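I opened the notebook to record what I looked up in this model. The entries run from the whole chain down to single residues.

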Amino acid sequence: VSANCMREMDLAADERKPMIPVRTDNGPFLRCAIITAGLLYADLANNKAGAERAAKLEQLADEIVRRVAPPVGARPALLLPASETAALVAEGDGGTSHAPVATAPVAAAEADCEVLRSLREKLRPLDFDGDIIERSSRRLPGTREHVLHDIRGWLGDDERLDTANADAAVLWLQGAAGTGKSVVHASITRELEQAQRLAATFRCDRAVAERCSPRRVLTTLGYQIVRRAGAEAQRDLDAAVGVEEVHGWPLAALFEVLVARPLQAMAGQRKVVVTIDALDELARAVDGGNGAESGSGERTEFLRVLAEGWQNVVPAGVRLVVTGRPDDDVRRTFGGFEVCELRLDSPSNLRDIEAYSAHRMGGLRHRLAAPTAGHTVDELVRELAGRMAGLADRLFIWIVVAYDEILCSWRVRDVAKEVERLAAAMARPAGVDAAVPSALGALYGRVFDEAFGAMAEDELGLVRVVLGAIRHLRRPLSESGLAGLLNVPVAEVRWVLLPLNSLLDCSGETVKLLHKSVADYLGSGLAPAALRTDSSSAEMALFKKCVDVLAAANSTVFGGREAWVLAGVEEAVGASEIVEYAASYWHEHLVAISDVEVGDWDALSAFRRRSRFGPGLLAFGVLHGRPDAIRLALGCSKSRGMHHEHSKAVLGANAALRLDAEKVKLLPSPLLYEAAKSGDAESCAILLECAGADVGCRGASFGDRQFGEHNWTALHVSAFIESEP
């Protein structure tokens with residue numbers, strides 16, 4: 001039986017729940033019969049289409065519902081359109097009927113709402129329904145009640161002993177990595193939704209490009225808020241957004257139009273709440289000098305706009321709950337608001353870890369050897385659970401990963417001996433790193449040592465490549481997608497991932513690291529040297545892979561819109577997972593390379609000479625306010641201007657590249673005009689110096705200001721923006 005089957009069987013045993021295997025093929029079944037005692041089966045191999053297949057699928061679905069619905073009940077609706085919240089509920093002794101779950105009134109009408117469909121296309125909101133439900137289900141009932149009680153009290157749901165600062169508009173839940181902030185956020189968010197008080201929610205994730213973009217935070221919050229604000233607010237927002245590229249607006253304008261105004265339209269409703277998880281995961285800029293990360297200008301501006309907006313613009317009574325590690329910029333921005341802290345040294349934290357450990361160890365009692373004379377199994381369970389809680393060093397993520405490692409490992413036959421081995425590993429010094437607590441460093445080191453410790457260094461190349469890719473991907477990929485991007489067999493990717501099950505999140509169709517501390521560990525000095533990959537090398541490798549994928553792709557997959565897709569103006573709809581990823585993020589990997597001027601400049605120069613990619617990178621840099629991308633497209637160094645001599649030939653080639661990007665209308669107006677209207681002085685300077693841009697170029701409209709109608713130039717626009725208060 002495979003390791004995944006073992007994991008499923010152990011999980012079912014630990015949770016004391018029956019398994020309901022479902023198969024739709026025609027075998028062979030082989031050893032999997034071990035877990036198929038309750039098999040639901042429909043052979044679809046010989047009828048791939050038509051009425052017979054549809055009938056079999058319907059019959060299979062009804063049987064699954066009959067088994068699942070009675071114990072589970074109706075699935076809660078959370079930020080979903082009405083068409084996605086229909087649930088099957090049990091009726092009588094086994095019949096089923098289709099009944100919609102009760103949702104907010106606006107969600108019930110969304111399926112047929114043309115205005116909301118228009119807003120979805122313009123704002124491209126992200127969906128957090130499954131994420132909230134999955135994370136909230138991780139919390140063991142009875143744990144984290146102390147912090148949940150404080151947050152509920154601040155929101156006005158429970159009587160609170162300390163009422164100081166209770167009328168503040170913002171609450172910041174802070175704590176170190178691994179203390180359970182995201183689980184608390186998901187729990188409180190789900191409670192608010194069930195009470196119909198949730199206006200919007202977002203969870204930042206630096207492993208997914210869309211989830212760490214300040215602009216996507218605002219567009220997603222805006223869409224969720226306006227869904228609940230009513231038809232009039234929806235029509236107003238749709239008209240305000242117009243046909244402009246809203247993702248290019250200044251952050252302050254985005255907040256005012258997408259968040260503040262719709263919330264003002266909800267002022268008469270019951271007090272509502274917006275929640276944002278993991279603010280510390282927002283995108284950071286990379287220092288090109290040493291590869292170190294620092295708070296990006298956009299991140300800093302977003303934090304300021306968010307805090308000041310809730311103080312001065314958002315209606316009274318609308319609350320904001322944010323979570324995040326106490327990074328310097330987050331602490332400076334939100335430290336003056338109501339602060340709720342998950343402290344490692346608090347007695348309640350230790351009690352929660354002990355309760356969770358007792359629960360997980362109780363589920364492993366079937367793996368315990370017979371206790372010694374005079375002791376009972378219950379006593380052994382309590383002893384081992386207490387030992388594990390002590391090893392956790394007050395870190396919740398440690399206890400979760402440690403139990404998952406025991407559960408996933410086929411080597412573990414005696415849990416008591418495994419606890420002894422864990423204790424021995426924790427006793428060995430793991431080194432010191434500010435980003436990774438020592439207990440986590442020791443645990444992660446043990447997992448990697450067991451997985452790859454016996455391998456020679458020259459055999460670890462593939463492991464290093466796969467882990468480096470997972471850590472630096474802008475969006476998680478499936479196993480097959482990851483293998484395709486790296487151009488290695490799927491079986492080899494699975495060989496790398498299989499022994500790391502306890503450190504991976506494979507809950508969906510994609511593969512990603514379980515927790516941000518795993519990524520921190522792999523980038524720290526605590527990780528084995530043979531597995532460490534510096535960020536610049538990993539970004540360069542992924543950039544090259546993306547370019548190879550795009551170069552090999554037939555341009556027809558982009559439907560004649562290749563230039564727009566490569567510029568990041570449009571999405572690669574209908575393309576394969578690998579091509580879609582490469583088209584969406586090749587520029588991101590390129591501009592993240594910190595040592596652009598050394599080592600790989602020849603590869604970058606060859607890349608810039610490819611006419612398919614140069615205009616796209618140039619337009620991408622202007623559209624997203626990325627001067628580094630513009631420099632790379634033009635071969636222009638930040639420290640010395642042009643990388644090559646400012647010869648007429650080089651300037652002429654760069655001017656031709658700029659004209660190519662403008663000729664196909666990748667952006668509505670000339671590049672200099674677009675850079676000027678976004679107030680990006682650095683990008684304007686590069687285009688003037690290195691690409692022969694015309695300061696007198698004239699462009700189209702900008703938001704409410706119809707510059708084009710007044711025949712304004714880029715210089716006029718720059719002067720107007722600089723003169724605004």
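The entries below are grouped by topic.

I worked from a predicted model, in which local features need pLDDT of at least 70 and side-chain atom pairs count only at pLDDT 80 or more, while totals for chains, interfaces and linings use all residues. Residues are numbered from 1 along each chain as its sequence is written, and side-chain values use heavy atoms, with hydrogens and water left out.

**Whole chain**

I looked up the secondary structure and found 31 helices and 15 strands in the protein chain. Both are DSSP runs numbered from the N terminus: helices are H or I with at least four residues, strands are E with at least two.

I then checked burial: 49% of the 725 residues in the protein chain are buried. Buried is under 20% relative accessible area, exposed is over 50%, and partly exposed lies in between, with a 1.4 Å probe and protein chains only.

**Helix 13 and helix 15**

I asked how the axes of helix 13 (residues 347-363) and helix 15 (residues 396-408) are placed; they come within 10 Å and cross at roughly 10°. Axes are lines fitted to C-alpha atoms, for helices over the stretch in contact, and angles run from 0 to 180 degrees between N-to-C directions. This makes helix 13 roughly parallel to helix 15. The class covers angles under 35 degrees; over 145 is roughly antiparallel, 65 to 115 roughly perpendicular, and the rest oblique.

On the helix 13 side, the contact is made by Asn349, Asp352, Ile353, Tyr356, Ser357, Arg360 and Met361. Helix 15 contributes Phe396, Ile399, Val400, Tyr403, Asp404 and Leu407. I sorted the contact of helix 13 with helix 15 by class and got 8 nonpolar, 2 polar and 3 charged residues. Here Ala, Val, Leu, Ile, Met, Phe, Trp, Tyr, Cys and Pro count as nonpolar, Asp, Glu, Lys and Arg as charged, and the others, Gly among them, as polar.

Helix 7 (residues 181-194) has 14 residues and reaches 20 Å from its first C-alpha to its last, close to the 20 Å expected at 1.5 Å a residue. The expected span is 1.5 Å times one less than the number of residues. The buried residues of helix 7 include Lys181, His185, Arg190 and Glu193. Gln196 follows helix 7 and has a positive phi, near 55°.

I ran the span check on helix 22 (residues 535-552), which has 18 residues and reaches 26 Å from first C-alpha to last, close to the 26 Å expected. Its buried residues include Glu539, Met540, Phe543 and Cys546.

**Positive phi**

Most residues other than glycine have a negative phi. I noted Arg144, with phi near 60°, in the loop between helix 5 (129-136) and helix 6 (145-155). Arg144 is buried, at a relative accessible area of 3%.

Asn487 also has a positive phi, near 60°, and lies in the loop between helix 19 (479-486) and helix 20 (490-497). Is Asn487 buried or exposed? Asn487 counts as exposed, at 66% relative accessibility.

**Pairs apart in sequence**

Ala519 is in helix 21 (residues 516-522) and counts as buried at 12% relative accessibility. Ala519 and Leu467 are 52 residues apart in sequence and 9.3 Å apart in space, C-alpha to C-alpha. Not counting residues up to four places away in sequence, Ala519 touches Arg206, Arg471 and Leu513.

Ala231, in helix 9 (residues 231-241), is partly exposed with a relative accessible area of 44%. I looked up Ala231 against Val115: 116 residues apart in sequence, 8.4 Å apart C-alpha to C-alpha.

Glu420 is in helix 16 (residues 415-427) and is partly exposed at 43% relative accessibility. Glu420 and Arg387 are 33 residues apart in sequence and 9.2 Å apart, C-alpha to C-alpha.

Terms used:
Contact = heavy atoms within 4.5 Å.
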